[in-house]
Amino acid sequence: MGDKNVSNKTDETQIRQFTKAVLNDLQALEKMLDGDCFEENTRRIGAEQEMFLVDSAMDPAPIAMKIIKKAKDKRLTTELGLFNLEANLKPLDFRGNCLSKMERELEEIVSIARKTASGLDSDIVLVGILPTLQQSDFVEENLTPLPRYAEMNRVLNEMHGDERVIQIQGLDEFRLRIENTFVEFANMSFQLHLQVPISEFITHYNWAQAIAAPVLASAVNSPLLLGQRLWHETRLALFQSATDARSPVHQERDHPPRVNFGDKWVDDSMLEVFREDVARFRIILTREIEEDSLKVLESGKIPNLHAWQLHNGTIWRWNRACYGVENDKASLRIEARFLPSGPTIVDEMANSAFFLGLMTDLPQEFGDVREKMSFDDAKGNFFNTARSGLNTQIVWFDDKSYPAKQLILKKLLPLARIGLESAKINSDDIEKYLGIIETRVKAEKSGAQWMLDSLAEMDENEKLNLRLKRLTLAMKENQENGKPLHKWKLAKLTKEADSIENFRTVEQFMSTDLFTVRPEDVVDLAASMMNWKDIRHIPVEDDAGKLVGIVSYHDLLELLANDKLKSDKEIIIRDLMETELTTVAPETSSLEALKLMREKNISCLPVVKGEKLIGLITSDDFLDI
């Protein structure tokens, strides 16, 4: 959980003072690592559950503050967006029935959130990226009103400088220009924490990097963003772009982004990572300095290292080292941030069991991972798996490559089982959770694949908005009944899904796959396009994408009636197009758009953002709904 106690009016003097405090904390941490300040014989686990809030139409519901206030459960806290919610679980000793105990607490806290949301005509959905999100959801009104989030957005935007461009290539191609970090509202994860003895930390941290790809392979759950089919775990690519603080100059110099996997194994000390992050990444948040960590340490007490922890919380490595104090002893834990939220609680626990089993056995069985594989292979595996899920080839020991399915079933699941057994995890829990992974992988059925297959099975002639809402509703219903993913049937469209609730704004049903012409094009091109594509209106835009006119089939009929098309004179679009246009913004209500079309007696309404054309609605669209 990020520190919410931050300053919202930071000047250069404060930044300098806070930077000194961060450096002071690092010196204290170095002394602690050299001394006897860290827990050595304890293994613990913990987790953070992130979730989306949705209304009855499966659209984002920005009511997080209301739910936290009404639920009165200290485990529930805020995230960046008002339709995001986070739950922080209690740490557990890694032994016995800890996995099923964590599952029960997850079920309890999600049930509390769901029951509270129900009283506000809303609900909970566990997924990496909510399929029903629209661009109009990424606005300041949906930013959680706490200093941490506003300040982070302000500083990251100032550092980035130019308009933020997010481009992700998958089955479809996604490109979005945005002036803030609010698209990060789209990402929800399940963050697993593992504390190991400090003497073993570096070995385990490197192994966490190595196994991230195969653990992620069947856990991918984020294939859709604004209706586009992208990576199987699009969340990874989106998070990096959404929070990128690098100016064009820094990008050209290959300066790493604040969201990153790393560039090499850790060799001798985690201080290598901590110093790298302080040296490379500017302080973006400050807070009141409550202690001098070196003086606290000299007094025989354990410092909280608040300054360094706040800075560390603004650098989002996919495996991140986190600091804590428990029973008057310091501890470091590995925070695995790469796993998405959902598709069910029991699936999340299966992913956790797989990760924890491998983290227990592989260091014991194989020792130093640096002797088995290159870091470049580990990093390449990670991003390839994010793109393709179980369809990935993973490079494993000694440069040997395996299909993800084969590697998991033949090599890694047996090792994970040995690891959980050696940790004395309850045998029923081992069978339950690793059995879910085994069945899921054999069926080649990740959450991402279920979404893509469900969408493909639905009638493509139906509005995409309807298909995405039905997909989300089916996901919510499956989560409520608790069945693991491999038992889910594909989502299907039903008559009940065709509700006016699904068409409240023009953004929800406008056409975005548009055919356009330029003012200087010949009118014959527009006539041919209308004939080939069975459309009645063609927008006219300049080379910069600015809407400058529209041509309708009525205009062509008038030309035909006057025999102008049969004349020798070449007619261009500019001579024909309507330039006195009525347009609407994407967030315009459907009823307002319909009223406007009636009043103006028009059958086509361009949807624009600024002066750029982003969609089109016609009278036929209203007849459809």
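These legends walk through several close-up views of a predicted model.

**View 1. Helix H11 crosses helix H13.**
Helix H11 spans residues 345-366, and helix H13 spans residues 404-422. The two pack at an angle of about 85°, with their axes 7 Å apart. Because angles of 65 to 115 degrees count as roughly perpendicular, H11 is described as roughly perpendicular to H13. On the H11 side, look for residues including Ala 353, Phe 354, Leu 358 and Phe 366. They belong to a contact whose H13 members include Ile 408, Leu 412, Leu 415 and Ile 418. Sorted by class, the residues of this contact of H11 with H13 come to 13 nonpolar, five polar and one charged.

**View 2. Helix H13 runs alongside helix H14.**
Here H13 meets another helix, H14, made of residues 427-442. Their axes are 11 Å apart and the packing angle is about 175°. Since angles over 145 degrees count as roughly antiparallel, H13 is roughly antiparallel to H14. From H13, the contact draws on residues including Lys 405, Leu 409, Arg 417 and Glu 421. From H14, residues including Ile 430, Glu 431, Leu 434 and Lys 442 take part. Counting by class, the contact of H13 with H14 has nine nonpolar, no polar and six charged residues.

Helix H20 covers residues 590-600. Which residues of H20 are buried? They include Ser 590, Ala 593 and Met 597. These residues sit on the same side of H20, because they cover an arc of only 65° around the axis. Now turn to the face of H20 away from its buried side: there you will find the exposed residues Leu 591, Glu 592, Lys 595, Arg 598 and Glu 599.

Asn 601 has its place in the loop between H20 and strand S19, which covers residues 604-609. Is Asn 601 buried or exposed? Its relative accessibility is 70%, so Asn 601 counts as exposed. As background, most residues other than glycine have a negative phi.

**View 3. Met 58 also has a positive phi.**
The phi of Met 58 is near 70°, and Met 58 is not a glycine. You can find Met 58 in the loop between strand S1 (44-55) and helix H2 (64-71). With a relative accessible area of 5%, Met 58 is buried.

What is the form of the peptide bond from Gly 342 to Pro 343? This bond is cis, with omega near 0°. Pro 343 lies in the loop that joins strand S14 (329-336) to helix H11. For comparison, most peptide bonds are trans.

**View 4. Glu 105 is a buried residue of helix H3.**
Glu 105 belongs to helix H3, which runs over residues 98-118. Its relative accessible area is 10%, so Glu 105 is buried. Leaving aside neighbours within four places in sequence, Glu 105 is in contact with Arg 75, Leu 89 and Lys 90.

**View 5. Leu 194 meets residues from elsewhere in the sequence.**
Leu 194 is part of strand S8, residues 190-195. How many residues separate Leu 194 and Arg 333 in sequence? They are 139 residues apart, yet their C-alpha atoms are 5.3 Å apart in space. Leu 194 is buried, with a relative accessible area of 4%. Not counting residues up to four places away in sequence, Leu 194 touches Arg 44, Ile 45, Arg 333, Ile 334, Leu 356 and Met 359.

**View 6. Ser 552 belongs to strand S18.**
Strand S18 is formed by residues 547-552 and includes Ser 552. Ser 552 is buried, at a relative accessible area of 13%. Setting aside neighbours within four places in sequence, the contacts of Ser 552 are Met 530, Arg 536 and His 537. Pro 539 is 13 residues from Ser 552 in sequence, and their C-alpha atoms are 8.6 Å apart.

**View 7. Asn 24 is buried in helix H1.**
Helix H1, residues 12-34, holds Asn 24. Because buried means under 20% relative accessible area, Asn 24 counts as buried at 17%. Asn 24 touches Asp 292, Ser 293 and Leu 294, not counting residues up to four places away in sequence.

Conventions: Residues numbered from 1 in each chain as written. Predicted model: local features only at pLDDT ≥ 70, side-chain atom pairs only at ≥ 80, totals over all residues. Heavy atoms only, no water. Helix = DSSP H or I, 4+ residues; strand = E, 2+ residues; numbered from the N terminus. Buried < 20%, exposed > 50% of the residue type's maximum accessible area, 1.4 Å probe, protein only. Contact = heavy atoms within 4.5 Å. Axes fitted to C-alpha atoms, helices over the stretch in contact; angles between N-to-C directions. Parallel < 35°, antiparallel > 145°, perpendicular 65-115°, else oblique. Nonpolar A, V, L, I, M, F, W, Y, C, P; charged D, E, K, R; others polar. Arc of directions from axis to C-beta.
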